[in-house]
Amino acid sequence: PVLVVDFGAQYAQLIARRVREAQVYSEVVPHTTPVEEIVARDPAAVVLSGGPSSVYAEGAPWVDPELFDASVPVFGICYGFQAMAQAMGGTVEHTGTREFGRTELAVADGGGQLHHALPGNHPVWMSHGDCVTRAPAGFTVTASSAGAPVAAFEDVERRLAGVQYHPEVAHSPHGQEVLRRFLHEIAHIRPQWTTASIVEESVQMIREQVGDGRALCGLSGGVDSAVAAALVHRAIGDRLTCVFVDHGLLRAGERAQVERDFVAATGVRLVTVDARQRFLDALAGVGDPEEKRKIIGREFIRVFEQAQRDLQAEAGEHGEHIDFLVQGTLYPDVVESGGGTGAANIKSHHNVGGLPDDLRFKLVEPLRLLFKDEVRRVGLELGLPETIVHRQPFPGPGLGIRIVGEVTAERLEVLRAADAIAREELTAAGLDRDIWQCPVVLLADVRSVGVQGDYRTYGHPVVLRPVSSEDAMTADWSRLPYDVLERISTRITNEVPEVNRVVLDVTSKPPGTIEWE
Ligand code: XMP
């Protein structure tokens with residue numbers, strides 16, 4: 001792989017994704033990884049990421065110069081570029097000129113290998129206080145900016161290069177080409193990481209792990225568990241059984257989507273557990289959001305465990321045993337819990353609403369090396385429909401946390417109807433990819449006066465909560481076109497008799513969360 005050394009900025013994962021977009025497999029490793037360990041992994045190249053530090057700061061992460069004697073291609077970015085310059089005998093100075101944001105890059109004649117055939121002047125995204133004032137011996141300086149006399153250097157012979165700016169961000173329009181040129185033209189790595197190769201390698205790995213064993217997968221209706229299940233099914237066929245718990249807090253059509261569309265696309269063996277009444281009983285009389293979440297989580301585990309036991313008993317009758325549980329853990333979860341490939345210290349990530357710790361299963365995590373966009377592409381490659389692959393996030397506790405107040409069967413019906421209309425109209429307006437998600441919330445304990453025809457109504461409001469976001473950590477409210485809002489409002493108040501008012505949530509996150517509970 002290409003190893004991206006993480007110097008503690010938020011960019012390392014993004015760099016790893018960009019490397020993969022150049023069809024080269026990459027992983028993130030912490031900067032505390034000893035050079036011997038890095039070299040022992042025989043990396044195709046090493047990328048030193050940006051970081052928050054100054055190379056002069058006390059305790060600043062440093063680059064062991066031995067890295068540059070190991071005949072490994074190295075690309076330094078921002079802090080990594082400065083650390084590289086310093087480790088190899090160049091000069092890094094605190095000149096007092098800082099550059100933040102959009103900066104004009106002046107490319108030297110010809111551009112060298114990195115900036116070959118790119119415009120002589122073009123914008124890049126900078127974020128630095130210190131700068132390199134003299135490149136190390138053997139390097140050619142190929143670009144500069146007002147605040148960075150050495151903004152790019154390269155030593156093509158030794159396959160070493162670096163840039164002061166951030167090529168990985170979208171604000172550097174030629175950045176991806178520069179990264180690609182480093183990987184393909186300087187490091188001479190063959191682009192082989194394609195969706196087809198991901199599928200092929202994943203299937204191979206699953207077969208090796210599972211052998212002729214049997215596996216179980218909980219489907220949530222979400223993208224990750226669906227793609228994980230489809231991959232495992234491709235690898236071991238009917239030795240995989242999927243379990244789908246219908247807790248009655250689903251949106252209109254979701255159960256059918258799993259039972260019909262997912263099964264049609266994959267041929268997976270699916271068991272649906274209808275637990276609707278059980279969840280309603282458990283939620284009766286409960287209005288507190290945290291209490292509701294706890295109850296839903298607890299009941300989910302109980303139902304899932306019972307399904308496991310039933311299936312186990314059934315399989316046992318045929319002398320078989322289910323040893324493996326499939327989980328849709330993604331690479332960012334693996335990086336964030338401090339683990340690398342095969343590391344033992346990884347928290348197992350629970351994407352099905354929290355599974356118990358004392359599982360007697362071994363985990364199969366076919367997506368643990370993949371980013372979300374790769375997961376979606378793998379899903380399409382495996383023939384899953386767009387409706388599943390590009391599904392927006394939906395919380396595990398479902399509509400249960402979108403009814404403010406007690407959850408009852410009637411209220412669920414009302415919310416499901418209103419939510420279906422909002423989703424239909426957003427889809428019809430072609431807005432699904434523009435928004436992150438749009439919860440519809442029923443204020444079940446609030447009533448307001450309205451008029452419909454000649455009659456006074458006394459109904460409930462629903463709240464539309466359309467948001468845009470990159471990762472759900474922060475979000476902004478989406479500026480939906482007025483005509484779309486109008487259609488949603490008119491249709492909901494006309495078609496759902498219990499609702500006589502539609503309101504729009506215009507709160508960003510923070511301070512508001514995306515969900516209301
Ligand atoms: P909040 O409301 O915290 O939501 O801003 C952030 C994102 O997480 C989703 N969400 C959940 N997803 N189980 C889930 O799988 C949950 O309990 C849960 N609660 C919130 C929410 O829809 C949003 O995308």
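You're looking at a predicted model, where local features need pLDDT of at least 70, side-chain atom pairs count only at pLDDT 80 or more, and totals for chains, interfaces and linings use all residues. Residue numbers start from 1 along each chain as its sequence is written.

**The annotated site**
- An unreviewed UniProt entry marks Ser 220, Gly 221, Gly 222, Val 223, Asp 224, Ser 225 and Ala 226 as "binding site"; such annotations may be inferred rather than shown by experiment.
- Gly 221 sits in the loop between β12 (214–219) and α6 (223–236); helices (H or I, at least four residues) and strands (E, at least two) are DSSP runs, numbered from the N terminus.
- Gly 221 is buried because it has 21 other C-beta atoms within 10 Å (buried takes 20 or more, with C-beta atoms placed from the backbone; exposed is 12 or fewer, and partly exposed is in between).
- Beyond four places in sequence, Gly 221 is in contact with Leu 250, Glu 254, Gln 257, Val 258 and Phe 394; contact means that the C-beta atoms, placed from the backbone, lie within 7 Å.
- Val 223 belongs to helix α6 and is buried too, with 22 C-beta neighbours inside 10 Å.

**The sheet**
- An open sheet is built from 5 strands in the order β14-β13-β12-β15-β16, with parallel pairing; two strands pair if DSSP finds at least two bridges between them.
- At the edges stand β14 (269–274) and β16 (362–364), each with a single partner strand, so one side of each has no neighbour in the sheet.
- On average, neighbouring strands are turned by 30° against each other, direction ignored (axes are lines fitted to C-alpha atoms, for helices over the stretch in contact, and angles run from 0 to 180 degrees between N-to-C directions).
- Helix α9 (residues 289–317) packs on this sheet and touches β12, β13 (240–246), β14 and β15. The direction of α9 makes about 145° with that of β13.
- Strand β15 (residues 322–326) runs parallel to β16, joined by 3 bridges, and Leu 325 stands opposite Leu 363 in β16.

**Around the ligand**
- The residues around the ligand include Pro 393, Gln 437, Lys 509 and Glu 515, where being near takes a C-beta atom, placed from the backbone, within 6 Å.

**Leu 105**
- Leu 105 lies in strand β6 (residues 99–107) and is buried, with 27 other C-beta atoms within 10 Å.
- Ala 143 is 38 residues away along the chain, yet its C-alpha atom is 6.7 Å from that of Leu 105.

Conventions:
Two residues are in contact if their C-beta atoms, placed from the backbone, lie within 7 Å.
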